Each structure stands twice: as C-alpha cells, then as structure tokens.
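The sequence and the structure come first.

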Amino acid sequence: MKLNELLENNAVTAIGDTEITSVTDSTGKVSEGSLFFCVKGGSFDGHTAAADMLERGAAAVVCDHDLGLGEKQIITDDTRVLYGKVCAAWFGHPERKIKMIGVTGTNGKTTITNVIKHILMSTGHKTGLIGTIRNEIGDEVLETSNTTPMTFEFMELLNRMVNEGCEYVVMEVSSFGLVQNRIGSSWFGIALFTNLTQDHLDYHKNMENYYQAKKKLFDICDSAICNIDDDYGRRLFGEISCDKLTFSTRESASFYADGIKIKPTGSSFWFCNEGKSHFVKAKIPGLFNVSNLTAAMAACLKAGVPLDKIIAAVENYSGVKGRCEVIPTGRDFTVICDYAHTPDAIENVLRSVKEYTSGRLICLFGCGGDRDSTKRPLMAQAAAKYADKLIVTSDNPRTEDPEAIIKDILTGLTDAKVPYDVVTDRREAIYHALKIAEKGDIIVLAGKGHEDYQIIGEKKNHFDEREVVAEGLKLLG
C-alpha cells in the first residue's frame, strides 16, 4: 500500500508514493519497507530508535518532533493517534463495516458483554467479543492477554470478524485502551458505563484521571447508557452531550429493575421501560448481576432487538466462568469462585451471597503484586463488612513478597471484629477453607475468577481453583 494512501488526509512528505510493506510501533517487527511509529511508552521511547529503524530498512518513521531525518520522517502531533488511524486504513477500515457496542467501567464489563453477545447470537446476529477472559468470533474462542488488544492486533481482529461475517462486535473498553488510543478511529453505536471504583491507580494516579480515561469512550459514540446507581455514572450522564439513557436497580430510569428477588439458584425481577414492566427469571444470582442483566438488555433493546427475544435469551443464560461461579463439591457447603479484585467488587459479591447464606460466609482473598498498593487495606475493609470469617492469602504476587502484600492488607483489619486466618500459600489457604467449612457455609474464593494461573515472580504457573478445590476435597476424604 502506498504511503499517501495510508496517511489519507494527513500531511504527506515527498516520499508519498513509497510502497509500505508493514506498519508497526514495535522495533522488533521492523523490516524492509516498514512504516515505523515512534511511540512513547512507560519504559521506552520509540523516538530513540528511529534512526536505527531507517538503517534496518524502514521506509519512513512517524515522530512527534523533528529528529533531523529529512524526508523520511513524518511529523505529527500525536503518534499514537495517527498510528490508530493508519492501522485502520491498513485493514481497509473494518471499524466502519461492523456495528460496535462498547462497555466500560470498573466492574461488570465481562458479564455485560457476554450477556449482550449471548442475546445477539441467540437472535440470529453473528457477533464478535473482545474481552478480559477471551476474544470470540461467533462460536470460535481466541485466547487473549489484554482486555483491549494493542492497536494493530485490534484492527486485525476486527478485520477478521468482518471477513467471517460478524454483524456486531461487543467489547470491554479498558481505560488503558482509551488513553493509549488502542482502538484507533473506532466509533461505537452504543457505549455503556457500569461504575467506577478504585483500580489501576498505579497507572492513572488518581480517580479523576481514571474517570477522564473512561469518559473518552463517550466522545466516540452515538448513544450512551449510564448506570445512575453509581456516583460517577450520574456525573457522566450530566457531562456528555450524545444521545443518552440511564439504567438502575434502585430507582426509576430509562431502563430499571423492580421487584427484585435473589436466590442461590438465580434471580427474578421486572424489567421496566417506557411505562411497561416485563417479568424476567434469570439463572445467575446476585443483585449486581441484576444490574448487569438490566444493562445488557437495555443495550440490546437500543440496538433494535425485540424485547420478547431478549427476555427469552436472558432466561436461557447460565453465566460467565469465574463470575459468581459455583464450583461443585458434593458436600453440604458451597464454594463460589469470583473475579472480584477491587473493594467495590468484593463488597458487591459478598453482600449478594450473604442474602442466601444459611451458615457462615467465608471469604478467601488476596491482592495482586506490582499493582496499586493503596487498595489493599480497602479490600480488607470491604471483605470484613459481610464475611463471617476471612482467610487472607496470596493472589498474583508477581515480583513482590507475598507476605509484604498481606501485611498491607492486614492494616485494613485493625479495627475489624471479623475473625481471620493468614495462610500465605493460596493452595493451602483453599485447603484450609474447605477443612473449616461446615453445613450451610458458603466459601467465596475472590480475586482469581476465570484465571487458571498464578503469577509468582516473572513466571506464570498453572493454578485453576476448580482443580484445587477438587484436590482439597479429595484430601479431606
């Protein structure tokens, strides 16, 4: 493809008719004829490698200031922004050929996107999914390592979805993806905001930056659906200018749930919209899941799916792996696995589970290493609100000392009255939880959810809590 074709309406140098063989922001992927984008990252600035990339055979480099490289440098205000546009152009703008639904916020994104996809697929619309757990093209599953793929990979994935006949793509849009412009020139038909609670402050530094990052999605959408049960959702609704609607489980809104009943086996509620109420009986429990279902139903209704078909699909939905997932035990107590790894998420899941716990509610949790350390005591305080017993353990310690992380967690339990045990090794901690469980108790394993690994140091070790529970039960006899 010619350089001037890739740059479209952007300034083109005298080498505009040069044939480009690839586009990349990675020094390791530059070859003869590449267009290299100098992007500033957290630990490396691509501008420092620009001259070397030309020597390696790059046709041109894109930079944000004059590097003294003559006609082979293309200067732009923001290399990330232009890189996103060029990646889209490289694949023929797949983002213009598929209907995009984006979900952002701290908690609930995975469940909501999965429910939306389930509804759309159930009603005859082939749909792609881009999310935390995995990416999907229709029924095909693709493993992933980032919530929002990197820019080139994102456009490549969209292009594949288009080529394989997807009408929609539903995606979790992360704050990283928005700030780093990984989604390029994408435009969303529907954008949905769930909530905002403390997370990723190691990157964003404060909640205002985190909020502003999420808000970027609502500058590139036709319609917004905001959760007004959340303070940031209310604020967002008041600040954006696109077509906007609301959802709630507490009060009247554009879409809201009323008459909510929660059981261990699921939930029921009345879905209310435009003065009419429709009964829904779902297979997934928890008040937070009623909120998630309400949001997903609102998005699909906005997309034009008939409400009766939406309800039928929701009532047939069995849940997402690692989201309030019941692990079979064959015993007189229950084990639930959930990805809750923020203070708000762990409070939500425990509050919900507490409603149908006949015995004790035992919560096992830890906090990730090399991440926002300020939320560690907050996690403990949130868990202590509803649990009858806590087991503090390790999560993904990464390069931090697990016991040092636990020490940070325990500062949040200084004034707590709930009893707790500390078992640093997560496998042993799960065995301990199973050993002390009694009839009617519910054990919530929080933090890992869908993950089937534990990161210790730089190594990712296989660790599936479903398997660990089975091993622990076998040891107990």
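**Notes on the structure**

1. Leaving aside neighbours within four places in sequence, Ile346 contacts Ala340, Cys363, Phe365, Met379, Ala382, Ala383 and Ala446; contact means heavy atoms within 4.5 Å. The model is predicted, so local features need pLDDT of at least 70 and side-chain atom pairs count only at pLDDT 80 or more, while totals for chains, interfaces and linings use all residues. Residues are numbered from 1 along each chain as its sequence is written, and side-chain values use heavy atoms, with hydrogens and water left out.

2. Ile346 is also one of the residues with the most contacts inside the largest nonpolar core, which has 68 residues. Ile116, Met297, Val314, Leu350, Cys363 and Phe365 are the others named for this. A nonpolar core is a set of buried Ala, Val, Leu, Ile, Met, Phe, Trp, Tyr and Cys residues joined through side-chain atoms within 4.5 Å. Buried means under 20% relative accessible area, exposed means over 50%, and partly exposed lies in between (1.4 Å probe, protein chains only). Helix α10 gives the most to this core, with 9 residues. Another core, of 52 residues, lies apart from it and includes Leu3, Ala59, Phe154 and Leu158.

3. Leu301 is found in helix α10, residues 287–302. Helices (H or I, at least four residues) and strands (E, at least two) are DSSP runs, numbered from the N terminus. With a relative accessible area of 22%, Leu301 is partly exposed. Not counting residues up to four places away in sequence, Leu301 touches Phe255, Phe271, Asn273, Leu307 and Ile310. The C-alpha atoms of Leu301 and Leu475 are separated by 49 Å, and the two residues are 174 apart along the chain.

4. In what order do the 6 strands of the open sheet lie? The order is β16-β17-β21-β18-β19-β20, and the pairing is mixed. Two strands pair if DSSP finds at least two bridges between them. β16 (325–327) and β20 (420–422) stand at the edges with a single partner strand each, so one side of each has no neighbour in the sheet. From one strand to the next, the twist averages 20°.

5. β16 pairs with strand β17 (residues 334–338) in the antiparallel sense over 3 bridges. Cys337 in β17 is the bridge partner of Glu325. Helix α16 (residues 465–476) lies across β16, β17 and β21 (442–446), running at about 25° to β16. Axes are lines fitted to C-alpha atoms, for helices over the stretch in contact, and angles run from 0 to 180 degrees between N-to-C directions.

6. The count comes to 26 salt bridges, a salt bridge being a side-chain nitrogen of Lys or Arg within 4 Å of a carboxyl oxygen of Asp or Glu. Arg160 and Glu140 form one of these, at 2.6 Å from N to O. This pair links distant parts of the chain, with Arg160 in helix α5 (residues 151–163) and Glu140 in strand β8 (residues 140–143), 20 residues apart. Arg160 is partly exposed at 32% relative accessibility, and Glu140 is partly exposed at 31%.
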